[in-house]
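This briefing covers selected local features of one protein model. The sequence and structure come first, followed by notes grouped by topic.

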Amino acid sequence: GRDGRVTYWNNKCAELFDVPAREALGAPAATLFSHPGRKQEFAAQLQKIFDTGEATRATDWQVGRRDGSTRWVAGTAFPLIRNGQVDQVICMEFDITGRKADERNLLMAAQVFENCRDAIMITDTQYRIVAVNAAFTDITGLSAFEVAGREAEAYRDDMRDDALREQIREHVAHHDHWSGELWSRRRDGTPLPLAATVTAIRDEAGRLTSYMAIMSDITERKRT
């Protein structure tokens with residue numbers, strides 16, 4: 001209602017916020033939602049809808065539950081207009097905790113990919129390069145733009161040996177993994193010895209989606 005108190009609270013709200021309807025009805029909505037540090041913002045958002053009659057865009061909120069846990073919700077609110085004025089505000093909250101966890105995992109993976117000191121190469125199922133990290137460019141002198149779409153073996157001297165190439169691919173096909181030493185060349189033509197690991201990447205159903213190669217420059221070790 002206009003005073004910010006709850007007039008309707010369904011079972012999903014009770015489950016999501018861990019507050020039964022008998023306690024929620026008549027209570028200030030901003031206190032029930034328990035957005036950590038954002039109660040005033042939520043209350044102001046509701047008041048703006050009453051004042052302007054304009055719905056809000058979807059907003060991601062982190063909410064606290066009575067058991068001490070937190071959930072992420074995507075919330076939107078829109079006015080219910082009667083006799084030309086806003087009589088009530090309807091709030092819809094969708095639990096997006098799983099999506100937020102996925103976003104965090106993707107962000108962490110991206111940070112690891114870009115900041116890893118070893119060269120990382122991602123290829124498609126045909127071993128064509130789709131992405132390389134900054135360390136790959138630092139080590140080889142080749143940019144992502146230059147190598148995208150090329151076969152991974154094009155940058156390894158010893159991969160001109162078809163038998164070795166097929167041996168590695170066959171091992172990965174059967175074991176999803178291969179480790180060993182390979183030789184490549186830098187942009188200026190100097191030899192580049194690498195300690196390499198090739199791993200098959202599969203989705204939740206076990207289908208092959210890509211390959212990942214992690215390569216370390218072992219020039220100094222070879223020199224020693």
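In which sense do strand 4 and strand 5 pair, and over how many bridges? Strand 4, residues 119-123, pairs with strand 5 in the antiparallel sense, and the pairing runs over 3 bridges. The model is predicted. The notes below place this pair in its sheet and then turn to a helix and a surface patch.

- Met121 has Val132 of strand 5 opposite it.

**Helix 8**
- Helix 8 spans residues 162-175 and has 14 residues.
- From the first C-alpha to the last, helix 8 reaches 20 Å, close to the 20 Å expected at 1.5 Å a residue.
- Asp176 follows helix 8 and has a positive phi, near 65°.

**Surface patch**
- A nonpolar patch on the surface is formed by Ile90, Met92 and Phe94, which together have about 260 Å² of accessible area.
- Phe94 lies in strand 3, residues 85-95.
- Phe94 counts as partly exposed because its relative accessibility is 46%, and the partly exposed class lies between under 20% for buried and over 50% for exposed.

Notes: Residues are numbered from 1 along each chain as its sequence is written. This is a predicted model: local features need pLDDT of at least 70, side-chain atom pairs count only at pLDDT 80 or more; totals for chains, interfaces and linings use all residues. Side-chain values use heavy atoms; hydrogens and water are left out. Patches are made of residues with over 30% relative accessible area and no salt bridge: like charges are joined within 9 Å, nonpolar side chains (Val, Leu, Ile, Met, Phe, Trp, Tyr) within 5 Å. Accessible areas come from the Shrake-Rupley method with a 1.4 Å probe; for residues, only the protein chains shown count as cover. A salt bridge is a side-chain nitrogen of Lys or Arg within 4 Å of a carboxyl oxygen of Asp or Glu. Helices (H or I, at least four residues) and strands (E, at least two) are DSSP runs, numbered from the N terminus. Buried means under 20% relative accessible area, exposed over 50%, partly exposed in between (1.4 Å probe, protein chains only). The expected span of a helix is 1.5 Å times one less than its number of residues. Two strands pair if DSSP finds at least two bridges between them.
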